[in-house]
Amino acid sequence: MDGWYVDDRCTNCDVARQLAPDLIEEKDGRSRIVRRPETEEENRRLHAAVFACHTRSIRPTTGRADGTLDPFPLALDDTVLLCGHNSRRTAGANSYLLRRPSGTLMMIDTPRWSPALADRYTALGPITDVLLTHRDHAAHGRRYADHFGARLWIHEGDLEAAPDADRVIRGLDPREIDEGVTVHPLPGHTRGSVLYLADDRYCFSGDSFYWSRSLGDLTVAHSVTWYSIEELAASLARTADRLRFEWVLPGHGDRRHLPADEMARRLRALTEHTRTLRPRPVDFTAVRW
């Protein structure tokens, strides 16, 4: 489309469409560019999609994209930044940086590994912890933690994905891991899935639930629940009333910012809906983005 194209390595992960929904759409199970950017802001959004794509499938016909237009890490507000540069080894999952009042940061899940990217993130301040939400996103955790001199966290249920973790979350009870930051075990998507709640404002939900643009609501990835949809339903029932947040920040699926009371209402409704779901075969094409 006017000098840009999406190559056939696209896995339909939705990341590009999250960043440039008015420029990129889904067709026949992959992303396609529907028009060229017309403003400077649209050009920035297109390049955010380019540098987040884990297969680097969004390309200019003239060659490589202009690296000076790489916007990452990209501030979502004054506390959370999107890392970008999603990794093939995490199935293209989003990852985040969380600023703390002390001036330090935490990384939630990880982008693709690169020393240059790691240096770019540490330019924002010392990173004390790398928080993994579950096994599918563990690929680069140890390398980032070692580069930062940070602690690597994972739940015992997914420990085999990061057996050298520095901190192991055990059991089902919530635990405060830093001032204002609590981990809530949420088995379901995987046995060791967790979410991290920060400042009663930010919910880093991993792959447990996300915002679906097509549904206009919170939802669960029923068709790619690896461990147990019944366990996920039980986890939500146990946890939902303990959570208060304005931002849902998932690994896969879209982000959303709403008033806390509205998020709480939607999470209660999702909890009730998930109770009705039954196991089904894994089917990536059935995910409702």
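**Figure 1. The largest pocket of the predicted model.** In this predicted model, the largest pocket holds about 520 Å³ of space. Its lining is made up of 21 residues. If you want to find the centre of this pocket, look for Val224, His252, Phe284, Val287 and Trp289, which lie nearest to it. Sorted by class, the lining has nine nonpolar residues, nine polar ones and three charged ones. Keep Trp289 in mind, as we meet this residue again in the next view.

**Figure 2. An aromatic pair, Tyr210 and Trp289.** A pair of aromatic rings is described by the distance of the centres and the angle of the planes. Here the ring centres of Tyr210 and Trp289 are 6.0 Å apart and the planes meet at 55°, so this pair is tilted. The two partners come from distant parts of the chain, 79 residues apart. Tyr210 sits in strand E16 (residues 210–212), while Trp289 belongs to the segment after helix H6 (260–275). Are the two residues buried or exposed? Tyr210 is buried because its relative accessibility is 3%, and Trp289, at 15%, is buried too. A search of the whole structure turns up seven aromatic pairs. Elsewhere, ring pairs join Trp113, Tyr121, Tyr144 and Phe148 into a cluster.

**Figure 3. Around Cys83.** Where does Cys83 lie? Cys83 is in the loop that runs between strand E6 (80–82) and strand E7 (96–99). With a relative accessible area of 0%, Cys83 is buried. Which residues does Cys83 touch, once neighbours within four places in sequence are left aside? The contacts are Phe72, Pro73, Ser95, Tyr96, Leu97, Met107, Pro111 and Tyr121. One of these, Tyr121, is also a member of the ring cluster with Trp113, Tyr144 and Phe148. For a sense of scale, the C-alpha atoms of Cys83 and Pro71 are 9.4 Å apart, with the two residues twelve places apart along the chain.

**Figure 4. The second largest pocket.** This view takes us to a space of about 230 Å³. The second largest pocket has 14 lining residues, and those nearest its centre are Val50, Phe51, Arg56, Arg64 and Ala65. Helix H2 (40–52) and strand E4 (58–60) each provide at least two lining residues. Of the contributors, E4 gives the most, with three residues. The lining counts six charged residues, five nonpolar and three polar.

Figure 5. How many cavities of 30 Å³ or more does the model contain? The count is one. The largest cavity has about 90 Å³ of space. Of its 14 lining residues, Cys10, Cys13, Ala16, Ser31 and Cys53 are closest to the centre. Helix H1 (residues 15–19) supplies the largest share of this lining, three residues. By class, seven of the lining residues are nonpolar, five are polar and two are charged.

**Figure 6. Stepping back to the protein chain.** A compact globule of 289 residues would have a radius of gyration near 19 Å, and the chain's 18 Å agrees with that. Buried residues account for 55% of the 289 residues. Among contacts between residues at least 6 apart in sequence, 57% join residues at least 24 apart.

Methods:
Residues numbered from 1 in each chain as written. Predicted model: local features only at pLDDT ≥ 70, side-chain atom pairs only at ≥ 80, totals over all residues. Heavy atoms only, no water. Helix = DSSP H or I, 4+ residues; strand = E, 2+ residues; numbered from the N terminus. Buried < 20%, exposed > 50% of the residue type's maximum accessible area, 1.4 Å probe, protein only. Contact = heavy atoms within 4.5 Å. Phe/Tyr/Trp six-rings, centres within 6.5 Å; stacked < 30°, edge-to-face > 60°. 1 Å grid on protein atoms, 1.4 Å probe; cavity = no way out; pocket = protein on both sides within 12 Å on 5 of 7 lines; lining within 4 Å. Points joined across faces, edges and corners; volume = space filled by probe spheres on them. Nonpolar A, V, L, I, M, F, W, Y, C, P; charged D, E, K, R; others polar. Rg over C-alpha atoms; globule rule 2.2 N^0.38 Å.
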